[in-house]
Amino acid sequence: MFELRFSNKAEKFLKKCDGKLKLRLVDLFQKLMQNPVPAKEYDLKKIAGEENTYRIRLSSYRTTYFVDWEQKIIRILKIERRKESTYKKI
């Protein structure tokens, strides 16, 4: 089982998001701890040019995360509403 860690930006987003989205994100995080790349369950893409970095789409929100396979750690980098600047400066 993988351990989850959140960046400051992701933690801040979780604190201010609404209840329904928060429930969906918690469900996503529980599934990520079991399987870090759940491609069959979610719209998942590997971030081009980055190593072990992925994004998952939940309606109009994107969760960007990094997987450390050796230490079994998933680092949630960003959670934000989809817009043009979503994937810049990961």
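A salt bridge here is a side-chain nitrogen of Lys or Arg within 4 Å of a carboxyl oxygen of Asp or Glu. With that rule in hand, welcome to a predicted model, where local features need pLDDT of at least 70, side-chain atom pairs count only at pLDDT 80 or more, and totals for chains, interfaces and linings use all residues. Residues are numbered from 1 along each chain as its sequence is written, and side-chain values use heavy atoms, with hydrogens and water left out.

**Salt bridges**

- Lys31 pairs with Asp27, their closest N and O atoms being 3.5 Å apart; both residues lie in helix H2 (residues 19-34), four residues apart, about one turn of the helix.
- Lys31 also bridges to Glu41, with closest N and O atoms 3.4 Å apart. This pair links distant parts of the chain, as Lys31 is in helix H2 and Glu41 is in the loop between H2 and strand E2 (43-46), 10 residues apart.
- Lys31 is partly exposed at a relative accessible area of 31%, and so is Asp27 at 33% (buried means under 20%, exposed over 50%, partly exposed in between, with a 1.4 Å probe and protein chains only).
- Glu3 and Arg5 form another salt bridge, with the closest N and O atoms 3.0 Å apart; Glu3 is partly exposed at 38%, and Arg5 is partly exposed at 38%.

**Fold and overall shape**

- Two helices and five strands make up the secondary structure, in the order β-α-α-β-β-β-β along the sequence (DSSP runs numbered from the N terminus: helices are H or I of at least four residues, strands E of at least two).
- The radius of gyration is 12 Å, which agrees with the value near 12 Å for a compact globule of 90 residues (taken over C-alpha atoms; the globule rule is 2.2 Å times the number of residues to the power 0.38).
- The C-alpha trace spans about 35 × 25 × 25 Å along its principal axes, and buried residues make up 39% of the 90 residues.

**Positive phi in two loops**

- Ser59 is not a glycine, yet its phi is positive, at about 50°. Ser59 sits in the loop between strand E3 (53-58) and strand E4 (61-68) and is partly exposed at 41% relative accessibility.
- Lys72, also a residue other than glycine, has a positive phi near 55°. Lys72 belongs to the loop between E4 and strand E5 (73-81) and counts as partly exposed at 41% relative accessibility.
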